[in-house]
Amino acid sequence: MMIPWMLSGLLAILALLAALGAAGQARVVQGGVALVCAGFVLLGLADLLSGESLPVLLPFGPPWAPLSLGPDGLSAWFLVLLGLAGLPAALAGWAAADRAPRRLMLWPLLLAGLALALGAADAFGLLLGFALAALTAHALLSAEGAWTASPTLARADLLATLLSVTALAVAVGLLTGLSGDLSFAGLRASPPEGGQAAAILLLVLPAAAARATLPLLAPLPPGPALLLVGGAMPPVAIYLLCRLLLDLGGPAQPLWWGTPLLAGGALLALAGALRALRQAELSPLLGGVALAHLGLVATGLGLAATLRAADLGAMAAVAAGAALLHLPALVLVMALLWLAAGEIAQGAGARHLDRLGGLIHVMPILAWVSLAGAGAAALLPPFAGFAGGWLLLQALFSAWRAGPLGFQLLTAAAVALLGLAMAGLVSALLRFWGLCFLGRPRTPRTLGAAEVAPLPRLLLLALLLLSALLGLLPGLVLRLAEPALLLLAGHGGAPELGGLSTSAGPLAADYAPLGLGLLLALLLALAAGAMRQASPHPPVAVPPWDDGFIAPPPHLPFGDPATQPDAAGLATPMRPLLPRWPGLPGAAWLSWRPRWRLRPGRRGTARRALRFGLGTLVMLLLLLAWLGGGA
């Protein structure tokens, strides 16, 4: 009973901090925001451990009823994520000591809107918090100069913000119907059906997609504001999908209810990976990585909705658990990478990959922490991002025959798209880390870079430790999210959740990250020992191999640029697969027309090989489905 009152107290503190921000009290505001975000984490954990608390009525609200606050298992899980996203942003802002009053007052307002949307126990509070957060996020991006180079983007973002709020308001009105009961309990008792359900789906999906993706597409340099907007807004947009479509939508929806989210999530994952491959600036590259991970989360939620409609509660819990487990990994890993990108930009004086290089010699701690973050974002085991991706693939492999032929083909296509997206993520993150930290310094400013300051270094190490714990103990983390799983899948949780292992079912394979990590460390140690033992000579320091080129002349102290790969050069092997039309991934495939005339001696390309492979896969799937149906 105390949790809703404590949440309302934190909201009141954020209102006070907004007033102090208008007065320019930078340190006080950032420190207060950090404490409030820590309070969000503690309140969310307390609610998850103690069970659902009763809502409380606030002394204000619309004319027909007061607002009510009452986090349940689902909102408590996302409240923890909000605190994990806001805390490093506030600490980074405190270290930077940003004293611009117009920006400072927007930080508490944004967090207050997001917390109100998460803690509300009725649809009106959810709508009010979402509207406040969406408009404040646009104002914060404008104050940070995100739209300085292109006012057209500012108008487009404002229009998308207003349209998303309007669409959500119409969806809430359709959910309420003629009953007038805006509480979640009342809406859950009368879920939408037929055309009403279809209209709600068509309204909620673009509203949530706009608020989840547009902050990541904004041309904002790496810094505390990017950590806050890019880290806090997308999880709350995912919460909208979970609350309105999976929870309040009810378990009796048809199979098509989750297919738009399933298909859109797979396409978003591929689009984000392709964007990360195309970009040479730090912020857009990492924004593409975040978009790809959001696509993985959306795919898991769409799959959970379809499996729940097919009355497969255990499999739906696996898919929903994959989405819920991947969200904290997304928040922690992206906060680590964005913070590292901000330190790179500040230390090296550049944000373009072609103006960096060799930073591992002057920023070794940042280099190795960034490598661990890149490994987690690339979904490599046993890092934090692998467990959620592994559970998602397990659910996809188990569910492709759960519905009619169309659903089977959609699931198979989603597996293929996610495979391409994961390969693209690995390539993009390898390109990011290699060009930033390896090779020779490309500019004089890079030589003057120094290791990060103590507070950002401590923050980076803390994020690394939290993400490592999440990667090594996914079963315990997912068991903590069981109240949210119950609302999303109608099932008490994934069938097999152990302390040190996770499984998609009694007959599925187990994933034990701690054992896998120890095995990989042992194999690496054995390989290093064998190489050292096999070497007949002691190690000797020699001049590095310069790719076969001669020593740099005096007028080129940083070497000939032709001796080092650049950002475009590392993306060249994947360039034939990238879309030709900006902003529309896969448009080159849509414009393809078959050429029936064979041309001897004509060289193939990666795009033709990909078309041939995907076409063969589709034909084999059709043949398999036909044979299975005949049997």
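User: Where does glycine 389 lie, and what makes it count as buried?

Analyst: In this predicted model, glycine 389 is part of helix α15, residues 384-399. Its relative accessibility is 7%, and buried means under 20%, so glycine 389 counts as buried. The C-alpha atom of glycine 389 is separated by 9.4 Å from that of methionine 422, 33 residues apart along the chain.

User: Which residues does histidine 326 contact, and why is histidine 326 called buried?

Analyst: Setting aside neighbours within four places in sequence, histidine 326 touches His293, Leu296, Val297, Leu379, Gly385, Gly388 and Gly389. Histidine 326 sits in helix α13, residues 313-348. With 3% relative accessibility set against the cut-off of under 20%, histidine 326 is classed as buried.

User: What makes tryptophan 390 and tyrosine 511 an aromatic pair, and how is the pair classed?

Analyst: Two rings pair if their centres lie within 6.5 Å, and here the centre-to-centre value is 5.6 Å. The planes are 35° apart; under 30 degrees would be stacked and over 60 edge-to-face, so this pair is tilted. Tryptophan 390 belongs to helix α15 and tyrosine 511 to strand β5 (residues 510-511), so the pair links parts of the chain 121 residues apart.

User: Why is the pair of tryptophan 433 and phenylalanine 437 called tilted?

Analyst: Their ring centres are 5.7 Å apart and their planes meet at 35°, so the pair falls in the tilted class. The two residues are four apart in helix α16, which means about one helical turn separates them. An α-helix has 3.6 residues a turn, so residues three or four places apart point the same way. Tryptophan 433 and phenylalanine 437 are both buried. Ring pairs also bring in Trp368, giving a cluster of Trp368, Trp433 and Phe437. The count of aromatic pairs comes to six.

User: How do you know that the length of helix α16 agrees with its number of residues?

Analyst: Helix α16 covers residues 405-437, 33 residues in all, and at 1.5 Å a residue that should span 48 Å. The C-alpha atoms at its ends are 48 Å apart, so the two values agree. After α16 comes glycine 439, whose phi is positive, near 75°.

User: What makes α9 roughly antiparallel to α10?

Analyst: The axes of α9 (residues 194-217) and α10 (residues 224-247) cross at roughly 170° and come within 7 Å. Angles over 145 degrees count as roughly antiparallel, so α9 runs roughly antiparallel to α10. Among the residues making this contact are Ile200, Leu201 and Val204 of α9 and Val229, Gly230 and Met233 of α10. The residues of the contact divide into 16 nonpolar, one polar and one charged.

User: And why is α6 called roughly antiparallel to α7?

Analyst: Helix α6 (residues 123-143) packs with helix α7 (residues 151-176) at about 180°, with axes 10 Å apart. That angle is over the 145-degree cut-off, so α6 is roughly antiparallel to α7. The α6 side of the contact includes Leu127, Phe130 and His138, while the α7 side includes Asp157, Leu158 and Thr161. By class, the residues of the contact are 13 nonpolar, three polar and one charged.

User: How do you know that leucine 459 is buried, and what does leucine 459 contact?

Analyst: Leucine 459 has a relative accessible area of 10%, and the cut-off is under 20%, so leucine 459 is buried. This leucine is found in helix α18, residues 454-472. Apart from neighbours within four places in sequence, leucine 459 is in contact with Pro88, Leu91, Ala92 and Leu339. Leucine 91 is 368 residues away in sequence, with 7.9 Å between the C-alpha atoms.

User: How many helices and strands are there, and what share of the residues is buried?

Analyst: The protein chain has 24 helices and five strands. Of its 631 residues, 52% are buried.

Methods
Residues are numbered from 1 along each chain as its sequence is written. This is a predicted model: local features need pLDDT of at least 70, side-chain atom pairs count only at pLDDT 80 or more; totals for chains, interfaces and linings use all residues. Side-chain values use heavy atoms; hydrogens and water are left out. Axes are lines fitted to C-alpha atoms, for helices over the stretch in contact, and angles run from 0 to 180 degrees between N-to-C directions. Angles under 35 degrees count as roughly parallel, over 145 as roughly antiparallel, 65 to 115 as roughly perpendicular and the rest as oblique. Contact means heavy atoms within 4.5 Å. Ala, Val, Leu, Ile, Met, Phe, Trp, Tyr, Cys and Pro count as nonpolar, Asp, Glu, Lys and Arg as charged, and the others, Gly among them, as polar. The expected span of a helix is 1.5 Å times one less than its number of residues. Buried means under 20% relative accessible area, exposed over 50%, partly exposed in between (1.4 Å probe, protein chains only).
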